[in-house]
2 protein chains.
Amino acid sequence: MDFNEAIQAMAKDARESARFLRVAKRAEKDAALAFMAERILAKKEEIIKINAKDVTLAREKGLNPAMIDRLTLDEKTIKSMIDGLHEVAALPDPVGEVTGMWKRPNGLQVGQVRVPLGVIGFIYESRPNVTVDAAALCLKSGNAVLLKGGSEAMHSNLILNEIISEALKNANLPEKSIQVIPYKEHEAVGILLGMDEYVDIIIPRGGEGLISFVVENSRIPVLKHFKGVCHVYVDEFADLEMARKICLNAKVQRPGVCNAMETMLVHKNVASSFLPPMIEEFIRAGVEIRACENTLRLIPNLIRAKDSDWPAEYLDLILAVKIVDDMNEAIDHIERYGSNHTETIVTNDYKKSQEFLERVDASVVLVNASTRFNDGFELGLGAEIGINTSKLHAYGPMGLKELTTTKFIVYGSGQVRT
Amino acid sequence: MDFNEAIQAMAKDARESARFLRVAKRAEKDAALAFMAERILAKKEEIIKINAKDVTLAREKGLNPAMIDRLTLDEKTIKSMIDGLHEVAALPDPVGEVTGMWKRPNGLQVGQVRVPLGVIGFIYESRPNVTVDAAALCLKSGNAVLLKGGSEAMHSNLILNEIISEALKNANLPEKSIQVIPYKEHEAVGILLGMDEYVDIIIPRGGEGLISFVVENSRIPVLKHFKGVCHVYVDEFADLEMARKICLNAKVQRPGVCNAMETMLVHKNVASSFLPPMIEEFIRAGVEIRACENTLRLIPNLIRAKDSDWPAEYLDLILAVKIVDDMNEAIDHIERYGSNHTETIVTNDYKKSQEFLERVDASVVLVNASTRFNDGFELGLGAEIGINTSKLHAYGPMGLKELTTTKFIVYGSGQVRT
């Protein structure tokens, strides 16, 4: 098998399909999404049976229970896939929106209109439901997509791709608009990353290892999400009861996700009243505390934080705690150890809240709310394809709009340059 | 000299300066720009004297007259530099603009606000006036910048950098906000392209060779402008007198630039009335014609176009001419050979004008106007740092707004996720 040739042929087909998707009507795209939902429901038993093959193979290979869990499709995950398709169909079409239009002194009417990016390469790990989610978002935004999922999910992804193709055909859209790359071999990823003639953008979703590999090897621009080292800064003028609720939520509501708090920063003037009950509550919730020197002075018998704790993304019930002299020290700490993801201040001081919002460089900066709100759905984008922690194109959660760009359209009446 | 260490130190200083620029007030930035203008005027004689060193060295090296011309600073180019600084100062500050704000069902108020990108690496060829233009645009948009100009312009760039630093200091802005990389060696570019820890974005400006080198070697996202293979399609329903003026302007007004027309596509139904006088006019204007078979049948004695003519960016008084059966053939030709830069249709047919605007994939698509209008000033952006022909972040001419991104700001009152 010559992977290079095979993937190039897929990429060419995607590029050709993108020409049709660019001008596809919303009704056609929504019809395809509805067909997908209908066919997934009708073929539920078959999907679950085929997915069981992947799960058995994964068990034999000794994958850990969390990975097996993410890989498994059951009634519930299939229902959520179907709901997702209907939700995306219900969202407005971003393509064709005129974001602005103005007249020039010479009479030229100049506007900017939203258009699809073209061909997206989406690279992700084991969850097969991502295949359907990503396909839906790319299609709705008028983009063709090449999907390179985890090799453990191959059988599941291929049956889903079959259903997707059928739905595209039914809606008179090009079948090759959405294609799962059917090779398990790791080199397939490298080949996809070199297809800059056909692919406009790469979106990787997965662990730090995957993201780094993609960034190192891609000739195509990458929208990447590195890591979430998120802080809550409890200011001296915080409502301490509010701070308690926000910190608890930010750490324990779902510790394994990127927008969970990893370090709590506390102003020295409230440390002695806020920290002892807060830390007791964390310990009761099963959180392991890594404390700075000053915190240890207040509450002995905690684990002493090492240098490696401040930049750590634990994704677990572990929390670093540091007492700071003032907001400047908190912001300096965030500038040094944060990952441009999500940062919260809890304060009732007006000036400080405004200053924190302005000075902190993160994709989402919040006042008096949990870090857990950095999420496309929670912020009102209607959907989410990922969170971009680099600043180009989109900074923060990306929805349908972020899968488009704008081109200039100009209405003239014979104008020439002089 | 350890270039790596030296450039890393500069990049670190730029990153540190970016923290201050992020929150710099418009008045401070405009004051610095005004100081620059004032000091350049005061030191005019000195600048011209130092620039003469570069010009002498370039002549000794045997650089061609066009390059010598671009390298030379005189009263006129210095005046245009000074005017440029005042123009940028007069433009509104893009930083801080709230592009949208909405309320979520739980009471969270979510907004998006324009913020600088951070640190920009700007890589360009011989014109020393670009040093001042790029510095002004980056500063106004709140970004720190590392400038790597052509080695032939080194003395000129360094004296300009001295003046710029003085102006920054005078306006109480960090002196290291704008730094010329003082190494002529080519490896300095490669080192800059690896500074992804400190530099957020690379903007190269120059020939295809430079752009390709940057894209191949950068670990940092690149806003790139490849080439301009621009077409004018003269439709069967065109006003032929308007078409004549537009085509002439698009080809001959300034043939050496990226938004000049390189291929003219003509509908077969108007070919016999439009082409003979048009081609005669082109020939009188010194344009060499490369004609398709059908054009040759109409007008013999022209040079026959080769396959290599259709994707060519001549940047010269040369024009490829092709007769097409209909608009579909014109659009297919543009899809195949165009460079996503600028495409024009001349027509009075309403439906065709709308269809051309929708179907053609280029950063600027025009109806009844010259391709030469793809330019930040002409389209009303107020300034231009370059034209992006890839789709990420900005598609088409980039002004101050395109040197920013948006972050989410969230005003809460104690909200947590459930």
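## A strand pair in chain A

In this predicted model, A:Gly111 stands opposite A:Ile409, which belongs to β16(A). Strands are said to pair here if DSSP finds at least two bridges between them, and the elements themselves are DSSP runs, with helices (H or I) of at least four residues and strands (E) of at least two, numbered from the N terminus.

Residues are numbered from 1 along each chain as its sequence is written, while chains are lettered from A and ligands are numbered from 1 in the order in which they are written. Because the model is predicted, local features need pLDDT of at least 70 and side-chain atom pairs count only at pLDDT 80 or more, whereas totals for chains, interfaces and linings use all residues.

## Chain A as a whole

The secondary structure of chain A comes to 14 helices and 16 strands. Its radius of gyration, taken over C-alpha atoms, is 24 Å, close to the 22 Å that the globule rule (2.2 Å times the number of residues to the power 0.38) gives for 418 residues, so chain A is as compact as a globular protein of that length. Taken along the principal axes, the box filled by the C-alpha atoms of chain A is roughly 70 × 70 × 35 Å.

The domain assignment, which is automatic or comes from a database, divides chain A into domain 1 (3-224) and domain 2 (230-378). The C-alpha centres of these two domains of chain A lie 36 Å apart.

## A sheet within chain A

Four strands of chain A form an open sheet with parallel pairing, in the order β5-β4-β3-β6. At the edges stand β5 (178-180) and β6 (201-205) of chain A, each with a single partner strand, so one side of each is left without a neighbour in the sheet. From one strand to the next, the twist averages 15°.

Within this sheet, strand β3 (residues 119-124) and strand β4 (residues 144-148) of chain A are parallel and pair over five bridges, and A:Ile123 has A:Lys148 in β4(A) as its bridge partner. Helix α6 (residues 129-140) of chain A lies across β3, β4, β5 and β6 of chain A, and runs at about 165° to β4(A); such angles run from 0 to 180 degrees between N-to-C directions, with axes fitted to C-alpha atoms, for helices over the stretch in contact.

## A sheet shared by both chains

A second open sheet draws on both chains, with ten strands in the order β1(A)-β2(A)-β16(A)-β13(B)-β12(B)-β7(B)-β8(B)-β11(B)-β9(B)-β10(B) and mixed pairing. Its edges are β1 (98-103) of chain A and β10 (303-304) of chain B, each with a single partner strand, so one side of each is left without a neighbour in the sheet. In the part made by chain B, strand β8 (residues 261-267) and strand β11 (residues 318-324) pair in the parallel sense over five bridges, with B:Met264 opposite B:Val321 in β11(B).

The crossing from one chain to the other is made by β16(A) and β13(B), which are parallel and pair over five bridges; here A:Phe408 stands opposite B:Val364 in β13(B). Five bridges likewise join strand β13 (residues 364-369) of chain A to β16(B), again in parallel, and A:Val364 stands opposite B:Phe408 in β16(B).

## How the two chains meet

In total, 54 residues of chain B are in contact with 54 residues of chain A, where contact means that the C-beta atoms, placed from the backbone, lie within 7 Å. On the side of chain B that touches chain A, α10 (240-252), α14 (350-359), β13 (364-369) and β16 (404-415) of chain B each supply at least two residues, and β16(B) gives the most, with eleven residues.

Chain B can be laid on chain A with an RMSD of 0.0 Å by a turn of 180° and a shift of 0.0 Å along the axis, in a least-squares superposition on the C-alpha atoms of residues with pLDDT of at least 70 in both copies. That is the relation of a two-fold axis, and in chain B the C-alpha nearest the axis belongs to B:His393, 1.8 Å from it. Of the interface residues of chain B, 100% are also interface residues in chain A, so the copies meet through the same surface.

Note on methods. Contact = placed C-beta atoms within 7 Å.
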